Amino acid sequence: MKPAMIVLAAAALLASSGPLAAQETSVYTSNPLRLDLRPLGHPPLDLIPPDESAVTSLVIGADGRLYGGTSGRRAHLFVLDPKWGHVFPLGHIPGAESVFHSLAPAPDGSIYIGTSINNQGRPGDKGRDFLGRYSKDFPGGHLLRFDPDQELKSRKRMQRPDPGRPVPFVKDLGVAIPGESIVCLISGGEALYGMTFPGGHFFVFDLRTGKVSDKGGVCGSPLNEEPFGSIPRALVRDSKGRVWGSGDYGALFHFEPGTGQVVHHPDRRLPSELGREYKAIVDAFAVGPDGSIFGGTSDGFIFRFDPENLKIANLGKPIMSYRIRGLAFSGDGDLWGVGGEPGAAARLFVYRTATGGYESAGMLHVNRTPYYAWLAYEAESMVAGPDGTLFIGESNRTAHLYLLFPWR
Amino acid sequence: MSPRNRRDHRPWLILSALLLLSGAPLGADQKIVRMESRMFPNPMVWDSNYTALLAASDGRVYVGLNQHGAGASVAVYDPKTDTMKLLGDMNHLAGEANLNAEPQAKVHTQICEGPDGRIYFGTHLSAFFGFATFSKPDGYPGGHWMVYDPRTDAVTDLGIALPSNGLLTMTMDPKRERLYGLTYPQAHFLVYDIRTGRTTDKGQVQNWDAISRTLAVDDWSRVYGCWGRGKLYRYDPDRDIIENLQVQLPQREVGVPVYRAYWETEQTFTAVAHSADHKKIYFLETGSSYLVEYDPHKGPEGEMNLLGQISAERYAGKRDVPYAMISFCRGPDNKIYYACNSGLADEEGNPYWGGGQASSLVTYDLSTGRKEDLGVIRVENELAAMHPNSASAAADGTVYFIARVIEPAGQGRSASGLPADLVLEKDPVHKKQIYEGETYTLRLLIYKPAKAR
C-alpha cells in the first residue's frame, strides 16, 4: 500500500471509529472530573443514616453557606460551609419526617423550615395509602426558624459522634395550615410564601407579626393517579415582589403582596405533553442573573416566563423522562438542571442561554474507584453556591450531596 | 485469510499458545482432586452460572443456567437416575418471549427451598448494554420471582420483583416464608411475602458496582448484606428496618487484585454458609479469601472472627490473592468446601473474574480448624475446571459445584465470545483476545468426600 493510501485509510478509520474505548465513561457521565460528591456527614459514625437522608431541600443562606433538609423516617438539617467543603449534620428536626422544597433563607441569616409528612408527593413504598395519614392525628406541617449564627457560636468539639442529636437553636413558629403539610416554601419581602398538601393552600407568613394568612386552596382537587394533584413543587418571586406558581391544568397564578390577593391566569399554562395538560405542574424555578425566570415542569419541559407580559416560552424537553427536579444558574449564565422519574436514572443537562441549545451532562455518577463511587438514581433539589458550584441533592434512601463544577 | 491478516493475529496466537503451555500441564508435585462431571442438556448453549445451585432435601440438584442475550433456564439433576432435565426458557415462563427487550438471560440468585419443598429462584438480565436506558421500554422489564413445584413439575411466575431491575441475589427465611432479594443495577433490597404474594421495596442499600452477591439470614430471621468496605447492614423484620452496622469483615487494604478489575474491587463477602443450628454465619471475604465466622448474637452488632485464609495454598499469605468465587458451602461433615480460582504457573494476571487457568478445592474443618488444599480440580479425561461459581452440599455428603470445564479445541463454547457483563468493562476486545482459542462447557461437578478419602 502506498504511503498516501495508508494516511487516507488511517484518517478514514479515525473519522469513522467514534469514541475510543478509553472514553467509554463519557457515555453516561459527560465530564467526570467536574462532578464530585460528599457523604452527609463524617463517616463512619456522624452520618445522616439511610432512610433519613433523602435530600429534598437545598438553599443558600445569607451567610453563603449551603443548608440542606432531608426526608425519611426523620428529617435532618445539614450545612456545608464552602470554606470547609464537607457536610456537617446539624441534627434531626424532632417530630418531622420531611423538609420538602421548604428551606427559605432570610436576610438576617436565619433559615426558615417547613415540615411535612414524608412521601407526600409520590406513592409510598407501602402503597398509595399515604393520604390516610392526613387524619386528625396530624396537626399540620410546622414552620420553624433555625439560627445558624447561634449554632455556630455554641458548637462544641464533638467528643463522640451523636447522630441522634436534634438540631439546636430551632424555634417552632407553629403550624402553618392545620392538617396540611408544607411542600414548598420561599422567602422575600419580610414574608414566607408556601404551598400545602393535600389541600393545595397558598399561605403567607408575616415575619414581623408571626401570623399566617391562609389564601385558601388554589389548585383544585388531587388526581387519583398523581398524588401531588396540581400543587406546585416550586414558587418564585419576581422583581416586583409578586409570587408565582401553577395550579389546575398547569395554569399560572400569582400573589399580589400589595393587595393580598391571589390572581389566577387560566390562559397562561405550563408546557406539557399532548393530552397531559391537566397534569402539568411546576417542579422547579430558577431566576437568572438578569432577573429572568426559568421553570421546569412535571412533564420534563423547560420554559422561560416573563411576568411583565405574561409570556411563557416553551424551551422544549431536554430529557426523555418526566420531572425537572432541580434548576440553577451557573456563574456564566447557563441554566443547569437535573431531572428524571422515580425508578429510572437521574439526568443532568444544561441549557446554553446564549445559543439556546441543550447539552446532556450525563448521569449523576461519581467514580473515584477504589476510594469511593456512587451513582444517584434520583435527585430532588439543586442550588447554585456563591462561587458558582452547583449543589445537587440525591433523594434516594442512601443519599449524597453532589457538587457540580459547571463547564462550557 | 490474507497474509496481512495472518500477521495481525500472530501475537495473540503466540500468547494463547504460551498460556496453554504454562497453564495446562501440572508440575510433578501438583496435587489433583478428581471429580465427576455432568454436562447439561444443550451443552453448547449455557455460558455461565453464578450462585444458583441447590442440592435440595429430596436429593435433586437445581442449577441456574445462563445464556447472555437469550433465555436462561434451570436444570434439575436427579442423582438417583443420573438424569438431567430443563425447566424451560425463562423468557417463555415469564411471558416475555416476544417482548423484544432485554431478555431474562440469567438465573443468578441463590436457589432456595421452601418448607413445603417448593423451589424458589429469580431471573436476571445479562449483557447490560445500555446502562443509561435500563428503565426505558427497550430496556429490561425486571426480574421475576419464580417457583418450581417438584410435585406438579410446574414453574409458576410470581411476577416482576422491581421494574427495570434484575434479581442479582436472593435468600429465604423459611420460618417467616419470605424471600429477600437484591436488585441490579439499583441495589434495592426487596422483601417478598410468599403467603400474600406481595413485594415490598425497602430502597437502595448499595452502589450499583458493589452489590452483595449473596445474602445471609440468621436464626432470628435477620438478613445481612454489605453496605461498604465490608461493613454489614442488617434487616430486622421485627422492626422492619435496615440498619448500617459498623461491624466489619477483616480485610486488607484495597490493592491490585488478581483476576478482578480494579473498578470491581468491592469489599464484601462473596459467599455465605451457616452453622448447622443457623446461629453462626460463615462469610467468604472477597479480597483475600478470608473465612470469617460471624456470631450475630455477640454484642449489639455481632462479632467477626477470622478463621483463616482459604485461598489455594500457593497464594497463602501473599499479597496477590485471586478474587474470591461464590463456590463455597458447608457440608454435613461440618467442613467448608471452597472451589477457588487458581493459576498454575506465572500466568498473565488478567482482570476478569475467574480468569486463572485452573481451580482448586480447599476445605476447612470447622470442628478442628484444619485447612487443606486438596489440589487442582480435574474431571474426566484430565480436563481442567475453571471459574467455579456455585456450590451446594447434599445431605448424603456429596458436594456439587458448577464450573467451566476446558474442552479440547473446537469441542466447546468459545470463551472469547462471552459478551461484556458490565458497562464498566471498558475493553471487551482485550477480554476476547485473552480467551481466544479457549473453549469450554459448563458442567455440574460432583465431589464425594467419603469416596475421595
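This is a predicted model: local features need pLDDT of at least 70, side-chain atom pairs count only at pLDDT 80 or more; totals for chains, interfaces and linings use all residues.
Is Ser246(A) buried or exposed? Ser246(A) has a relative accessible area of 0%. The cut-off for buried is under 20%, so Ser246(A) counts as buried.

**Stop 1: around Ser246(A).** Show strand S17 of chain A, residues 243–246. Ser246(A) lies in this strand. Now bring up the contacts of Ser246(A), leaving aside neighbours within four places in sequence. They are Cys219(A), Ser230(A), Pro232(A), Ala251(A), Leu252(A), Phe253(A), Leu270(A), Ile281(A) and Val282(A).

**Stop 2: a four-stranded sheet.** Move to strands S12, S13, S14 and S15 of chain A. They form an open sheet in the order S12-S13-S14-S15, with antiparallel pairing. Select 181–187 for S12(A) and 211–217 for S15(A). These two strands stand at the edges, each with a single partner strand, so one side of each has no neighbour in the sheet. Look along the sheet: the twist averages 20° from one strand to the next.

**Stop 3: the S14–S15 pair.** Select residues 201–206 of chain A, strand S14. S14(A) pairs with S15(A) in the antiparallel sense over five bridges. Pick Val204(A). Its bridge partner in S15(A) is Ser213(A).

**Stop 4: confidence.** Colour by pLDDT. The mean for chain A is 89, and 88% of its residues reach 70 or more. Residues 10–27 of chain A are below 50, and this stretch has five contacts in the model beyond near neighbours in sequence. Finish at residues 121–127 of chain A. Here pLDDT stays under 50, and the model has 18 contacts beyond four places in sequence.

Note on methods. Residues are numbered from 1 along each chain as its sequence is written. Chains are lettered from A and ligands numbered from 1 in the order in which they are written. Side-chain values use heavy atoms; hydrogens and water are left out. Two strands pair if DSSP finds at least two bridges between them. Axes are lines fitted to C-alpha atoms, for helices over the stretch in contact, and angles run from 0 to 180 degrees between N-to-C directions. Buried means under 20% relative accessible area, exposed over 50%, partly exposed in between (1.4 Å probe, protein chains only). Contact means heavy atoms within 4.5 Å. pLDDT is the predictor's confidence in each residue, from 0 to 100.
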